[in-house]
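Welcome, and thanks for taking a look at this model with us. Here is a short briefing to read alongside the structure.

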Amino acid sequence: MHPIVRLRHTIFAGRKVMLPIPKGARVLEVGAGDSPSPRADVLVDFALEPRERWGGKIERDDRPLVLARGEALPFRDKSFDYVIAFHVLEHSEQPEMFLSELQRVASAGYIETPSFWSERVLPFTVHRSEVAAIDDGRGPMLIIRKKPAPVCDPLLMRAFKQKMNEGALAAINPEAWVTRFHWKDQIPYTVVNTEVESVWPVEPASHDDFNPRTRVRRILIAAASTLFALRRRLRGVSKVGATSRRRDPLAGPAHTID
């Protein structure tokens, strides 16, 4: 890959750190995985091992980790100011319920998935939906199409992979690979084929020793995580006493790993 193209991809990889999150906001990340946003205060994932993602086992830090699914978040209504759902909506068998839960527990947030076209030409078998963000003149809206099978068009995927291996697509703008969606108050969306049931077996735990991120990206993530961890500690010290008066966001019993 050309150095300029590689630099552009590295800069783009920092988008998770540069989200428009208000200072002092209480932030939840759903589907945090092994590389959670440094800005998140509370993390949610449904398993410690990489059952439906590339990467390693989740490593704990100073933040609460709740084991739960996005379709049933164990938090009270509007417990958070902002919620991050980074490459997790496309995994859901029930996207309507998943989006409803995000709106219930938070006032605003950011959703990112593979782009509609990239999921069509280079599908992941653990992804159950194709997602686009389309503005029809009334503002951007998420358009979700459930996949009837893990791979909808094997021939298209094979042809695309060949071009990828030849390096013909290396210079594509990284923005083209993803659907990015910012929302506030409510998430406008539609599922175009609600009759489809995107249900197939979950892949077993695998790829424990594989990290898809470059060494530079891992260094930048580690640096940002250290910085935000320090900020959380300083914020905690400055709010001694206030924490005990704040309502616990947990709505009831939940598998929280402290």
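Buried residues, meaning those under 20% relative accessible area with a 1.4 Å probe and protein chains only (exposed is over 50%, partly exposed in between), make up 41% of the 258 residues in the protein chain. This is a predicted model, in which local features need pLDDT of at least 70 and side-chain atom pairs count only at pLDDT 80 or more, while totals for chains, interfaces and linings use all residues. Residues are numbered from 1 along each chain as its sequence is written, and side-chain values use heavy atoms, with hydrogens and water left out.

**Overall make-up**
- The protein chain has five helices and 10 strands; these are DSSP runs numbered from the N terminus, with helices being H or I of at least four residues and strands E of at least two.
- Of the contacts (heavy atoms within 4.5 Å) with a separation of 6 or more, 70% are between residues 24 or more positions apart.

**An open sheet**
- Three strands line up in the order β6-β7-β9 as an open sheet with mixed pairing, where two strands pair if DSSP finds at least two bridges between them.
- β6 (129-135) and β9 (189-191) each have a single partner strand and stand at the edges, so one side of each lacks a neighbour in the sheet.
- β7 (residues 140-146) runs parallel to β9, and three bridges join them.
- Leu142 stands opposite Tyr189 in β9.

**Around Arg63**
- Arg63 sits in the loop between β2 (42-45) and β3 (65-67), and is buried, with a relative accessible area of 4%.
- Its side chain makes a polar contact with the side chain of Asp61 at 2.7 Å; a polar contact is a pair of N or O atoms within 3.5 Å, where within protein one must be able to donate a hydrogen and the other to accept it, and residues adjacent in sequence count only if both atoms are side-chain atoms.
- A polar atom of the Arg63 side chain also lies 2.9 Å from the backbone oxygen of Ala40.
- Beyond four places in sequence, the contacts of Arg63 include Pro36, Leu43 and Arg232.

**Confidence**
- pLDDT, the predictor's confidence in each residue from 0 to 100, averages 84 over the protein chain, and 80% of the residues score at least 70.
- Helix α2 (residues 95-105) has the highest mean, at 98, and strand β10 (residues 255-257) the lowest, at 64.
- Residues 237-246 stay under 50, and the model has two contacts for them beyond four places in sequence.
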